[in-house]
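Please look through the sequence and the model shown here before reading on.

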Amino acid sequence: MARTHIARITALIENPANTQERDAFNRFARELRDDLNDSLSDAEIIEMLAQHLITKPVFDALFEGYSFAQHNPMSQAMQGVLDVLQEHRLDKEADTLQAFYDSVKLRAEGIDSATGKQKIVVELYDKFFRNAFPRMTERLGIVYTPVEVVDFIIHSVNGLLRAEFGQTLGGTGVHILDPFTGTGTFITRLLQSGLMTPEQLSYKYQTEIHANEIVLLAYYIAAIN
């Protein structure tokens with residue numbers, strides 16, 4: 001299904017007769033390259049749009065009553081492009097995954113805590129994404145780091161900062177850089193680690209944590225985390 005979406009979007013964008021669709025795509029591509037990564041190819045951007053088409057119903061099922069797609073700026077931008085393309089019925093293959101979307105919704109029922117839904121989302125990412133987009137998984141070396149390993153790394157770095165520099169991860173002026181943040185597990189576990197006071201936590205979150213991610217589904221999960 002992912003390959004079908006990619007092929008259909010590519011055909012629409014490459015057709016010179018589709019001027020409105022091409023203009024919408026090119027505007028979005030320029031913004032992405034300007035704000036995120038200037039080396040993104042058209043093919044990679046089309047793959048992102050395909051990811052959005054497939055994963056949006058997952059988040060709608062998980063967060064019923066709150067439209068993640070309508071509140072996330074990246075999702076809004078992509079949906080704007082896809083709305084222009086929708087007259088070509090890009091979503092007509094969605095029935096293929098309807099049983100999967102229904103199972104996600106069923107599993108999420110009764111789970112009203114953010115932690116519980118986060119766990120479902122991360123598990124879906126680790127299993128679903130590998131099957132839906134295997135080439136991207138292989139190309140980017142996408143792997144899931146167990147929480148226990150993440151916690152060990154965070155506490156080890158904090159210990160080294162204290163021993164070598166007389167600082168901690170919560171110290172003022174210590175910036176946290178996560179250029180390939182994935183699902184945001186490192187940042188989330190840092191915030192939950194207890195290594196920072198509430199005052200440090202608030203300041204750190206607002207001014208000294210920097211994260212970036214180019215894989216769309218991983219970015220969505222990081223935003224939810």
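This is a predicted model: local features need pLDDT of at least 70, side-chain atom pairs count only at pLDDT 80 or more; totals for chains, interfaces and linings use all residues.

The structure holds three salt bridges, listed here.

| Salt bridge | N to O distance |
|---|---|
| Arg 33 with Asp 42 | 2.6 Å |
| Lys 204 with Glu 208 | 2.7 Å |

Are Lys 204 and Glu 208 buried or exposed? Lys 204 counts as buried, at 0% relative accessibility, and Glu 208 is buried as well, with a relative accessible area of 3%. In the pair of Arg 33 and Asp 42, Arg 33 is partly exposed at 25%, and Asp 42 is partly exposed at 38%.

The overall layout comes next. The protein chain has twelve helices and two strands. Read from the N terminus, its elements run α-α-α-α-α-α-α-α-α-β-α-α-β-α. Of its 225 residues, 42% count as buried.

Which residues of the largest nonpolar core touch the most other members? This core has 38 residues, and those residues are Ile 9, Phe 28, Leu 49, Leu 62 and Met 78. At least two core residues each come from helix H1 (2-14), H2, H3, helix H5 (73-85), helix H6 (98-108), helix H7 (114-132) and helix H12 (216-224). H3 gives the largest share, eleven residues. Leu 62 is found in helix H3 and is buried, with a relative accessible area of 1%.

Two patches are found on the surface. Glu 31, Asp 34, Asp 35 and Asp 38 gather in a patch of negative charge. Asp 38 is placed in the loop between helix H2 (19-35) and helix H3 (42-62), and is exposed, with a relative accessible area of 66%. The other patch is nonpolar: Val 149, Phe 152, Ile 153 and Val 157 form it, with about 340 Å² of accessible area together. Val 157 has its place in helix H9 (residues 147-165) and is partly exposed, with a relative accessible area of 37%.

Definitions and conventions. Residues are numbered from 1 along each chain as its sequence is written. Side-chain values use heavy atoms; hydrogens and water are left out. Patches are made of residues with over 30% relative accessible area and no salt bridge: like charges are joined within 9 Å, nonpolar side chains (Val, Leu, Ile, Met, Phe, Trp, Tyr) within 5 Å. Accessible areas come from the Shrake-Rupley method with a 1.4 Å probe; for residues, only the protein chains shown count as cover. A salt bridge is a side-chain nitrogen of Lys or Arg within 4 Å of a carboxyl oxygen of Asp or Glu. Lys and Arg count as positive and Asp and Glu as negative; His and the chain ends are not counted. The place of a charge is taken as NZ of Lys, CZ of Arg, CG of Asp or CD of Glu. Helices (H or I, at least four residues) and strands (E, at least two) are DSSP runs, numbered from the N terminus. Buried means under 20% relative accessible area, exposed over 50%, partly exposed in between (1.4 Å probe, protein chains only). A nonpolar core is a set of buried Ala, Val, Leu, Ile, Met, Phe, Trp, Tyr and Cys residues joined through side-chain atoms within 4.5 Å.
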